[in-house]
Amino acid sequence: MSSYPDDRLYSESHEWIRVEGDTATIGITDHAQKELGDVVFVELPDLGEIFDEGQEFGTIESVKAVSELFLPVAGEIVEVNKGLVDEPNAVNEDPHGDGWLVKVKVTSDDALNGLMNAAAYEKFVEEEAKA
Amino acid sequence: MSDHGHLASPAPDASRLDRRRGSSSIFDASRPGRRGVLLPPLDVPGADPEALFGALHRTEVAGEVEASEVDAIRHFTRLSQKNMSIDANLYPLGSCTMKHNPRINEEIARLAGFAEVHPYTPGHLSQGALELIARLEAALIALTGFARITFQPSAGANGELAGCLMIRAAHVKAGAPRKYVLVPDSAHGTNPASAHFAGYEVKELPSTPRGTLDPADLEKKMTDEVAAVMITVPNTLGVFEENILEVTRIVHAKGGYVYLDGANFNAFVGKIRPADMGVDVMHMNLHKTFSTPHGGGGPGAGPVGVGAALVPFLPVPTVEPEGTGFRLDFDHPDSIGRMRTFYGNFGVLVRALTYILSYGQEIGEVAENAVLNANYLRKKLAPFYHLKYDAPSYHEVVFDDKLQAARGVHNIDVAKRLMDYGFHPPTMSFPLIVPGALMIEPTESEPIEELDAFADAMIAIAREAEESPELVTSAPHVTPVGRIDEALLAREASKAGSFAPVLRAPVRRS
Amino acid sequence: MRYIPNSPAEQADLLREVGVASVDDLFATVPREVFRKSPPPLAPPMSEVELRRDLGALAAKNAAATCYASFLGAGLYPHHSPAFVSQLLLRGEFLTSYTPYQPEVSQGTLTAIWEFQSHVALLTGLDVANASMYEGASALVEAFLMAERLTKKRTRVVVSKTVHPEYLATLRTYLAYLGLEIVEVPAGSDGVTNPAALAAAVDDETIAVAVQSPNVFGLVEDWSVAAEAAHAKGALAIGVVNEMFSLALLKPPGEAGIDIACGEAASFGLPASFGGPLVGFLACRDGFKRQIPGRLAGRLETPDGPVFALTLSTREQHIRREKATSNICTNQGLFALAATMTLTALGKHGLRETALLCLSKSEYLKAGIGKLGTGKFAVAFPGATFNEFALRCGPPVEEVLSALEKAQILGGVPFTRLAPGSGEHEDLLLVATTERNRREDLDRYLDVLKGF
């Protein structure tokens with residue numbers, strides 16, 4: 001059984017995306033949070049900002065590293081996880097749940113076809129570790 | 001429990017003693033009515049700030065400290081006792097070059113004729129200061145082979161920026177600024193940052209399995225869009241660029257400049273003149289090669305040497321001979337301008353010249369012994385720690401935690417455990433191409449028995465990592481404070497109001 | 001030999017252990033054509049006896065301020081430093097330690113940095129100060145670059161020409177290739193930034209507006225002029241201070257709408273040292289702290305008491321490389337510590353009393369000049385000053401200075417020294433006083449002027 005939820009898709013840059021209607025919720029994967037270590041700060045975009053697929057929409061920081069966050073689909077930011085301002089470690093504790101980052105109104109879902117399902121992503125992570 | 005080597009068990013008394021000493025700040029210890037300085041009497045009519053400044057008058061700096069001289073001296077003396085230092089410990093921070101800081105340097109820099117001279121003192125009353133700068137320039141030219149040296153930059157990174165700006169100015173003068181600066185993936189973080197602030201895009205050059213530059217790869221990337229290549233010799237792996245002459249030839253063939261990060265000049269001072277290798281511009285960290293004190297993080301000084309092609313672009317002012325003396329010269333129409341106020345970190349220059357004069361023509365021994373000491377440690381530690389790049393080491397050797405990581409012990413744990421043995425940890429944050437790096441630079445200042453003691457500690461820790469890894473991962477045990485939760489601190493610091501100066505009400509007399 | 005502990009025999013032992021025949025074998029990967037067999041063309045090594053003689057002779061060629069009554073300021077104001085400061089600075093634990101990246105063995109340095117930050121925050125009336133900057137001019141550059149990140153995609157910086165000319169020159173150097181335009185707003189005829197001119201220079205492309213107080217003529221500026229001009233267009237306001245004692249008597253920038261304060265804190269007991277090392281500072285509002293350049297020490301409360309560590313480090317070059325908030329690596333550690341020690345000794349009352357001494361002496365000198373009655377000298381501008389003013393000289397400034405020098409007085413800084421070749425204000429002499437000037441020095445100064 002996969003340790004990654006089946007209700008969403010995964011990117012090679014370790015974001016997950018769960019699409020419901022024309023809205024998608026985006027976060028980073030359990031694997032990504034482990035690699036990053038204790039998250040101390042998450043910089044998220046403003047509401048209404050519009051991004052292309054694959055564009056950087058924010059950064060996530062541990063004590064000694066910064067990772068850029070990439071949007072797996074094109075869309076407009078409709079909600080950001082305000083809880084992360086005071087509790088950024090929610091990304092560590094519940095990366096697939098309370099640690100979500102942003103919700104976007106999807107303007108083009110072309111890119112979804114290129115993403116992985118849970119099983120494929122798990123395999124991808126294993127391959128990456130070997131490389 | 002296993003044998004912990006020569007380490008005593010964690011001493012509870014030490015922490016109690018430390019609490020009595022108080023880790024808190026002087027703001028916490030402030031007591032109303034105390035004072036630490038007696039000022040001269042007011043010998044003119046007292047001015048009335050209220051009348052002079054009206055609405056802009058401030059009546060007090062609320063929250064400022066009130067302390068006696070005794071309070072102040074005890075506080076800062078106790079603070080000092082919580083620091084590790086070169087004076088007391090081998091401090092093998094790779095790339096930072098923690099060498100001995102001679103005290104004659106401090107004495108000379110404190111002479112009233114240097115320390116008490118205002119930068120706007122008229123030229124005829126500051127000839128000694130100007131002559132000192134001119135003499136240091138001559139000495140550094142003798143050691144580098146460059147045409148001129150500027151002393152404007154305040155520190156190494158500031159020198160890098162000055163160098164990048166000169167390169168840019170030269171390209172602009174020649175027609176176009178060009179677009180890119182190439183930086184090896186092993187470079188100090190300041191290199192790409194400095195190139196960026198000079199308006200360049202940074203492209204990375206991957207290291208070969210030997211840890212050096214690949215001339216064939218460089219040849220491909222070195223186009224006429226590339227303004228410069230920034231290299232470090234020996235690089236941050238402690239490895240010498242064997243193909244340096246090929247590298248500089250390739251860069252020059254395309255009209256680019258070679259910037260040398262002089263952070264590791266201490267590995268070859270007196271043995272190689274950088275200009276002879278084809279280097280066009282290089283900064284020198286006087287606090288590394290030339291022994292000026294690091295002072296808990298500064299001040300440094302980052303003089304920059306340039307070849308003839310870049311001389312017109314030097315920052316102003318320069319010091320020029322005039323008659324039998326010297327003068328400040330601002331008349332350089334193509335200059336990149338000023339890097340700062342006044343003429344650089346003069347006090348640091350005094351210390352550096354004092355050091356150079358004390359070695360004189362024998363300064364090459366500094367490089368020889370720095371390299372010898374690093375190689376001795378490499379030999380002793382190689383059986384116990386993994387060496388990702390095994391090309392010959394110069395002044396530093398970069399191990400990593402690959403062997404220990406299998407037991408859950410990482411470089412940070414080895415570092416913290418070293419503190420328990422009385423040594424400062426090595427550098428870990430880079431080179432970025434060595435994950436889990438332990439970058440060790442003993443410098444020429446360490447005697448053989450200290451090198452042995454350090455090696456013994458490292459070997460003991462390697463054994464501990466095998467036999468009782470939790471002892472290592474929970475270190476340090478006998479430092480003034482235990483391992484600090486830097487993640488928690490960063491989260492707290494991110495919150496609003498986290499840097500409020502005074503967190504407690506002042507202590508009042510009961 | 002001088003500072004290398006291992007004896008030649010021990011060095012030979014090390015070579016044997018390493019497994020090479022000679023030390024030059026360790027340099028085998030250096031191309032032979034650049035490896036030097038002969039020593040560099042320098043003199044033989046000098047002993048301490050010779051160093052003291054040789055460099056002592058150089059020092060003796062300079063006019064130490066201690067041998068003259070000095071009225072030199074213009075951006076650097078050497079004040080009294082308590083005797084213990086220079087002595088404690090020589091403690092090896094401070095002098096010979098590195099940047100406190102390992103907090104468990106650097107609590108001393110870290111606590112002192114936190115204290116420095118706290119002093120600067122209190123003095124400037126802002127929320128967060130960093131661990132120090134190189135010096136004042138580059139601190140102003142960093143303040144503008146920080147403002148550029150905060151305002152995003154704006155392209156123009158506005159700065160009053162009453163900011164120290166060397167700061168302006170430095171700004172031009174750093175901004176030359178970053179695609180940012182500098183708008184310099186001339187001073188009014190009263191020597192102070194003209195509010196209407198400043199407001200007119202600010203538009204929707206403006207990143208930030210900077211003014212200095214006391215300004216380059218020593219005149220007190222009203223911070224709120226810059227704050228209002230900036231905020232009206234969504235720009236930030238930057239306040240420059242290079243005589244920090246003024247903040248003991250003048251409303252701090254943070255209370256007057258300034259968003260970022262920066263400048264020079266050398267007034268707190270640093271030796272003039274021919275202009276360096278100094279200690280720059282930068283402070284800002286809490287909301288801007290993630291864009292502050294340089295190092296920052298944080299404080300964490302634990303059951304065992306407070307502990308300190310560098311924090312929010314991901315802003316810095318060793319992590320973010322070309323995306324860092326600044327390329328700066330060092331701060332001015334030891335001299336920020338010197339300033340912290342001096343501030344501790346002065347304390348709340350000493351700060352204010354020192355400032356009052358400076359102000360009173362300056363006012364005494366200004367009043368004396370007003371009463372000279374020769375018509376040859378005048379205080380150049382009517383506005384309020386703190387401890388420095390511009391003296392307008394009828395006779396050539398150089399002649400005035402030479403006459404003062406004969407009376408063992410370094411009489412001030414000709415404005416032309418601040419901006420060589422600009423041809424501006426050739427008749428102005430900047431005259432600064434501190435608590436170190438005695439009444440008899442001031443009277444002697446006035447007597448010399450009377451002689452013209």
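**View 1. Helix α5 of chain C is mostly covered.** Of the 18 residues in α5(C), 18 are buried. The model shown here and in the other views is predicted. Helix α5 covers residues 107-124 of chain C. At 1.5 Å a residue, its 18 residues should span 26 Å, and the end C-alpha atoms lie 25 Å apart, so the two values agree. C:G125 follows the helix. The phi of C:G125 is positive, near 70°.

**View 2. Helix α14 of chain C has its buried residues on one face.** The helix runs over residues 439-450 of chain C. Its 12 residues should span 16 Å at 1.5 Å a residue, and the end C-alpha atoms are 16 Å apart, which agrees. Four names mark the buried set: C:D441, C:L442, C:Y445 and C:L449. Seen down the axis of α14(C), these buried residues fall within an arc of 100°, so they line one face of the helix. C:E440 and C:D447 are exposed, on the face turned away from the buried side.

**View 3. The buried residues of α14(C) pack against helices and strands of chain C.** The helix partners are α11 (333-370) and α12 (397-406). The strand partners are β1 (69-70), β11 (377-379) and β13 (409-410). C:Y445 and C:L449 are among the buried residues of α14(C).

**View 4. Two domains of chain B touch each other.** Domain 1 takes in residues 107-362 of chain B, and domain 2 takes in 364-492. Their C-alpha centres lie 30 Å apart. Domain 1 of chain B gives 22 residues to the contact, and domain 2 of chain B gives 19 residues. What classes of residue does domain 1 of chain B have on the side that touches domain 2 of chain B? That side has 8 nonpolar, 10 polar and 4 charged residues.

**View 5. Chain B is as compact as a globular protein of its length.** The chain holds 17 helices and 11 strands. Its radius of gyration is 26 Å, close to the 24 Å that the globule rule gives for 510 residues, so chain B is as compact as a globular protein of that length. Along the principal axes, the C-alpha trace of chain B spans about 80 × 75 × 45 Å. Of the 510 residues of chain B, 60% count as buried. Take the contacts in chain B between residues at least 6 apart in sequence: 74% of them join residues at least 24 apart.

Technical notes
Residues are numbered from 1 along each chain as its sequence is written. Chains are lettered from A and ligands numbered from 1 in the order in which they are written. This is a predicted model: local features need pLDDT of at least 70, side-chain atom pairs count only at pLDDT 80 or more; totals for chains, interfaces and linings use all residues. Domain bounds come from an automatic or database domain assignment. Two residues are in contact if their C-beta atoms, placed from the backbone, lie within 7 Å. Ala, Val, Leu, Ile, Met, Phe, Trp, Tyr, Cys and Pro count as nonpolar, Asp, Glu, Lys and Arg as charged, and the others, Gly among them, as polar. Helices (H or I, at least four residues) and strands (E, at least two) are DSSP runs, numbered from the N terminus. The expected span of a helix is 1.5 Å times one less than its number of residues. A residue is buried if 20 or more other C-beta atoms lie within 10 Å of its own, exposed if 12 or fewer, and partly exposed in between; C-beta atoms are placed from the backbone. The arc is that of the directions from the helix axis to the C-beta atoms. The radius of gyration is taken over C-alpha atoms; the globule rule is 2.2 Å times the number of residues to the power 0.38.
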